[in-house]
Amino acid sequence: MRIPILKLNQYLLISIQTELDDQTALQFQEDLLGKIHEEGSNGVVIDLTSVDMIDSFIAKVLGDVVDMSSLMGARVVLTGIRPAVAITLIDMGIKLEGVSTALDLEQGLASLQQELEG
């Protein structure tokens, strides 16, 4: 299953609406990085509102996606992080330094616009 990646102006919007398995997470990583390169996007909002929990592998992939996106020049905002997801990220030592968070997709997009457009 592929996770849809929507383009809005120079931004990419992703709302993960399913529990992530290893294959889906790796496919998402590849698709997102390809889309950043293809579109020249400078900002990404990843909405995790529907994700109840993640395992250690998915936590690592999510951290890698944030780092790789940054290396490609795209700022990432994570939205809708549930307590269990936050706990797993911290327990796994995934450092999301410099990554903004927001309660929902709308606030995440506003945060991204503020950061990038000043």
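In the predicted model, tyrosine 11 stands opposite glycine 43 in strand β3. This pair belongs to the contact between β2 and β3, which run parallel to each other and are joined over five bridges. On the other side of the pairing scheme, tyrosine 11 of β2 also stands opposite leucine 8. Strands β1 and β2, the latter spanning residues 11-15, pair in the antiparallel sense over three bridges. Strands of a sheet pair through backbone hydrogen bonds, in either the parallel or the antiparallel sense.

The sheet as a whole is open and consists of five strands in the order β1-β2-β3-β4-β5, with mixed pairing. Its edges are formed by β1 (6-8) and β5 (100-102), each of which pairs on one side only. Neighbouring strands are turned against each other by 25 degrees on average, with direction ignored. Within this arrangement, β2 is largely enclosed by the rest of the structure, because four of its five residues are buried.

Helix α1 lies across β1, β2 and β3 (43-47), and its direction is at about 160 degrees to that of β2. Helix α4, comprising residues 105-117, also packs on the sheet and touches β1, β2, β3, β4 (75-79) and β5. The direction of α4 makes about 155 degrees with that of β4.

Threonine 24 is a residue of helix α1, which extends over residues 22-39. Its relative accessible area is 6%, and because the limit for a buried residue is under 20%, threonine 24 is classed as buried. Apart from residues up to four places away in sequence, threonine 24 touches Met1 and Ile3.

Helix α1 also contacts helix α2 (residues 56-71). Two packed helices are described by the angle between their axes and by the distance between the axes. The axes of α1 and α2 come within 10 Å and cross at roughly 5 degrees. The two helices are therefore roughly parallel to each other, since angles under 35 degrees fall in that class. On the α1 side, the contact is made by Asp22, Ala25, Leu26, Phe28, Gln29, Leu32, Leu33 and Ile36. Helix α2 contributes Phe57, Ile58, Val61, Asp64, Val65, Met68 and Ser69. By residue class, the contact of α1 with α2 comprises eleven nonpolar, two polar and two charged residues.

An unreviewed UniProt entry annotates residues 1-112 as "domain: STAS". In the model, the end C-alpha atoms of residues 1-112 lie 27 Å apart. This span is 46% helix and 19% strand.

How values were computed:
Residues numbered from 1 in each chain as written. Predicted model: local features only at pLDDT ≥ 70, side-chain atom pairs only at ≥ 80, totals over all residues. Heavy atoms only, no water. Buried < 20%, exposed > 50% of the residue type's maximum accessible area, 1.4 Å probe, protein only. Contact = heavy atoms within 4.5 Å. Pairing = 2+ DSSP bridges. Axes fitted to C-alpha atoms, helices over the stretch in contact; angles between N-to-C directions. Parallel < 35°, antiparallel > 145°, perpendicular 65-115°, else oblique. Nonpolar A, V, L, I, M, F, W, Y, C, P; charged D, E, K, R; others polar. UniProt positions renumbered as here; feature names shortened; annotations may be inferred.
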